[in-house]
Amino acid sequence: MWFFGLFSRKKKREKSRDTAYKRLEAILERRRPVSVTEIVPKSEFEENSEKIKEKIVTWVSDTFRVSPERVKVEFEEHNGYIVIITNVMFE
């Protein structure tokens, strides 16, 4: 029976599963409520929005060791607040 298991990809799947699990744990550990300490005027936010996107992409790509092309950052306005949406495409 071990002969059939010789060509299986079981070890590779476990390895990527473990990597994904560790990444998910890292994301969940960092998630915590943030109190609002300062309200930034809309005009100032619009001037610096590209810099903010670049900093978020740099931080996420360094933290999770993914290429910057795999990180997408979008801003959406909900009820007068700007919501930052970050998508990371892991391998």
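I began with S61: leaving aside neighbours within four places in sequence, S61 is in contact with V66, S67, P68 and V71, where contact means heavy atoms within 4.5 Å. S61 is buried, with a relative accessible area of 8%; buried means under 20%, exposed over 50% and partly exposed in between, for a 1.4 Å probe and protein chains only. S61 lies in helix α3.

I noted the basis of these entries. The model is predicted, so local features need pLDDT of at least 70 and side-chain atom pairs count only at pLDDT 80 or more, while totals for chains, interfaces and linings use all residues. Residues are numbered from 1 along each chain as its sequence is written, and side-chain values use heavy atoms, with hydrogens and water left out.

I next looked up the largest nonpolar core, which has seven residues: I56, V57, V60, F64, V66, V71 and V73. Such a core is a set of buried Ala, Val, Leu, Ile, Met, Phe, Trp, Tyr and Cys residues joined through side-chain atoms within 4.5 Å. At least two of its residues come from each of α3 (42–64) and β1 (71–78); helices (H or I, at least four residues) and strands (E, at least two) are DSSP runs, numbered from the N terminus. The largest share, four residues, is that of α3. Not counting residues up to four places away in sequence, V57 touches P68, V71 and V73. In soluble globular proteins, nonpolar side chains tend to be buried together.
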